[in-house]
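Visitor: I would like to learn how to read a model like this one. Please take me through it feature by feature.

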Amino acid sequence: MSNIIWFDKEGDLTKWESQCLPIGNGYLGASMFGGVRCERIVLNEKSLWAGGPCKNRPDYRGGNKRGRYKYVAEVQKLLADGDYENAVKLLPELTGDGDFGAYQLLCDAVLDFDLPDGEIKDYMRKLDLDKSLYSCEFTLGGVRCSREAFASYPDRVIAFRFSCSEKMNFTLKLEKIHPSRIFTEDDTLVYNGTVEDNGMRFDARFKVITDGGLEIFSEGIFVRGASETVIYFTAATDYEMNYPAYRSGTAPEAVTAPIVKSAAEKGWEALYSTHYADYSALYDRVTLRLNSDIAVLPADKLLAAYRGGDRSAMNSLETLYFQYGRYLLISSSRGGALPANLQGVWNESNTPPWCCDYHINVNLQMNYWGAYNTNLAETALPLIDFLDSLREPGRVTAAEYYNIVSDENNPENGWTAHTQCSPFGWTAPGWEFYWGWSTAAVAWLMQNIWEYYEFTGDKKTLRERIFPIMRESVRFYTQWLRYDEKQDRLVSTPTYSPEHGPVTVGNTYEQSLIEQLFIDFLAASGELSEDGELQNKVRGMLPKLKPYHVGKTGLLKEWFEEDEPDFDHSQIQHGHRHLSHLMGLYPGKRITSSTPEVMNAAKMSMNDRGDESTGWARAYRLNLWARTGDGNRAHKLLRGLLGDCTFENLWDFHPPFQIDGNFGGSAGIAEMLLQSHEGVIRLLPAVPSEWQSGAFTGLRARGGFVVGAEWENGAVTSLNVSSKSGGECTVTFPTSGGVSAARLKIKAGETVKIM
Ligand code: FUC
């Protein structure tokens, strides 16, 4: 089955987040509407940011205020003494300040086509996920027009092709531009400028190869009498992921000019085949079929049919959404570039929601949940690089807010970051405590990078890239934890469960994330045969974290103090979108079938939170229910995510558009089909009754195993497991008579067919 998002009508050029179709190569993004006479292409370069260090901001310090640890100590003392009122008064001191900046739009390219009058016929615009190719075709006044575009990672270029059965004219004009010079060099339109806020330099080039005439005017080009025009577009900035200056010192035009030149030399066909080879090497690893009947409908009608409960629309949309998440990840997260931000790489504004940043109290983590189980581990490399780049600025934050100091005698002594991060090493808390303080956010992110190793077995990357980041984070937490007499635990304090409830000591969110980090760190140390003082310290601290407690109500406690008489229950929101006390169930591995009491409390907590929420929060619930093994409930969440939180172009909304829900949804579908967090590979652990039959290939399990299976009436009918590097595993799978298990020994490069 082909995976195509298509429409039989033009998109509304004013409704970007719901109508556009996106392409991207990790560095660059373009989104198109399929406008017939007028088309708008929103263009992005992922490092184009306002904020950060610059001439006008010589004292930029990543948001860090000085000497905050004194207030932190005071707050800790007051909380330990039970003086909540005075502790809270000091919280405004535990914040960061300064210009955070924001992800910027590069510009809009607006195209006006000189077309005959008449009715638009045979219109179709589509994003073909299998081919990673956008196209739009129609007939107007007897003229057939075709427009295509793709974004190539290997050639770092976006190519647009405009063809017509008759010779036609069009203009291309750049709008919503930054301070710049727009000029031409031969057949190339150059848009060269700076971001006003910080002087970041950028250069964008449109090299125009046409069989018609080409004229240049001040903000654009005029193409006359052409039946085919190809535009090779690229852009670059002088940003570099390098503390403290964050500038490369290289003129961006030195990057862009050779790119468009060689792209044009290569030409459309050869560029596309390089692009397709690169893309399909990732994308084609996984296929999915749910049941057999499918609906072939434009995306808006498919969504409507899905909402109406149409079975074939369900099969089609769920597989499409699954692959769309993978497409979006490949298109927005590739090695060498920044990781996928709140909107991947796509952005139409200079003041986007939440600055279109790197939010780490759920969003950035969720962006990468599908990277491993949907077999796209390479897309997580930008995340590893980014976290590595936060270590140096994160040491300043560790020193100023936590008094954990790195110096010559004690280098790499601990780094941290809070709710929001920028490409300029903003690691300080936000400018308001109640959303901005999140000491355990980094511990959470450490799961994302440890899993890279769990799923790939790539020891070199573990040793050289991942372990140093984890180890320094572990150093931070081992110095941060305090013994609390009242609780008889080692605690993080003060803690604030993301955007919910009162400020407390050792809440479940922080305790459970630090516990998981310590466990993963010991596992990583074991893999690398590293053992020493730090590992001993961690072993000693681990049992004293005691994160999970079941409250009087039977729910898993989000706050340790919940049952105390003076606990302020009025601050609890039962339907809150965050599920911060359930980290141990997903993405963590501490609440499992072997901890039935806590599992039960977790389920009660999930019921208490309810199923209705914002986009990402539904995707989160979907993954959690998948982990409990309740396929029907997971499916209910998936239906809610698709039915209530998805735009026509299948982008997730919070609202507004936020890409984490797409990624979390895709990861959740994989989690319903295959799980491997309990030491065995479990097939169809949470398959709903709606998925009677189906098949998948290429899903990945921990240990680097790749699994393909088919099922009928919930029973596996065909199953194979392969491994690149070889290994042993146990696989369990439902059969018509119950659950079977197989112990496998797989040689490197071998595929074992179990049935
Ligand atoms: C977190 C969430 C919000 C939003 C923001 C970008 O802080 O609580 O809902 O998704 O990130």
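Visitor: What does the pair of arginine 57 and aspartate 197 tie together?

Guide: Side chains of opposite charge can pair when their charged atoms come close. Here arginine 57 sits in the loop between E5 and helix H2 (69–80), and aspartate 197 in the loop between strand E13 (188–194) and strand E14 (201–210), so the pair ties together parts that are 140 residues apart in sequence. Helices (H or I, at least four residues) and strands (E, at least two) are DSSP runs, numbered from the N terminus. By this rule the count comes to 51 salt bridges.

Visitor: What should I know about the source?

Guide: This is a predicted model: local features need pLDDT of at least 70, side-chain atom pairs count only at pLDDT 80 or more, and totals for chains, interfaces and linings use all residues. Residues are numbered from 1 along each chain as its sequence is written, and side-chain values use heavy atoms, leaving out hydrogens and water.

Visitor: Into which domains is the chain divided?

Guide: Domain 1 (4–50 + 102–284), domain 2 (376–610) and domain 3 (694–753). The bounds come from an automatic or database domain assignment. The centres of domain 1 and domain 2, taken over C-alpha atoms, are 41 Å apart.

Visitor: How much area do domain 1 and domain 2 bury between them?

Guide: The size of an interface is often given as the accessible area lost when the parts come together. Domain 1 and domain 2 bury about 990 Å² (1.4 Å probe, summed over both), 75% of it on carbon and sulfur atoms. Strand E5 (49–50) and helix H4 (252–283) each supply at least two residues of the domain 1 side. By class, that side has 9 nonpolar, 1 polar and 1 charged residues. Nonpolar covers Ala, Val, Leu, Ile, Met, Phe, Trp, Tyr, Cys and Pro; charged covers Asp, Glu, Lys and Arg; the others, Gly among them, are polar.

Visitor: How many salt bridges are there between domain 1 and domain 2?

Guide: The count is 0.

Visitor: Which residues surround the ligand?

Guide: Among them are Leu342, Trp354, Glu499, Arg577, His578 and His654. The cut-off is a heavy atom within 4 Å. A side-chain N or O atom of glutamate 499 is 2.4 Å from a ligand oxygen. For arginine 577 such a distance is 2.8 Å. A polar side-chain atom of histidine 578 lies 2.6 Å from a ligand oxygen.

Visitor: And the backbone?

Guide: The peptide bond from histidine 654 to proline 655 is cis, with omega near -10 degrees. Proline 655 is in the loop between helix H18 (631–644) and helix H19 (660–673). The bond from tyrosine 243 to proline 244 is cis, with omega near 0 degrees. Serine 529 is not a glycine, yet has a positive phi of about 50 degrees.

Notes
Buried area = accessible area lost by both parts, 1.4 Å probe. Salt bridge = Lys/Arg side-chain N within 4 Å of Asp/Glu carboxyl O. Polar contact = N/O pair within 3.5 Å; in protein donor to acceptor, adjacent residues only side chain to side chain.
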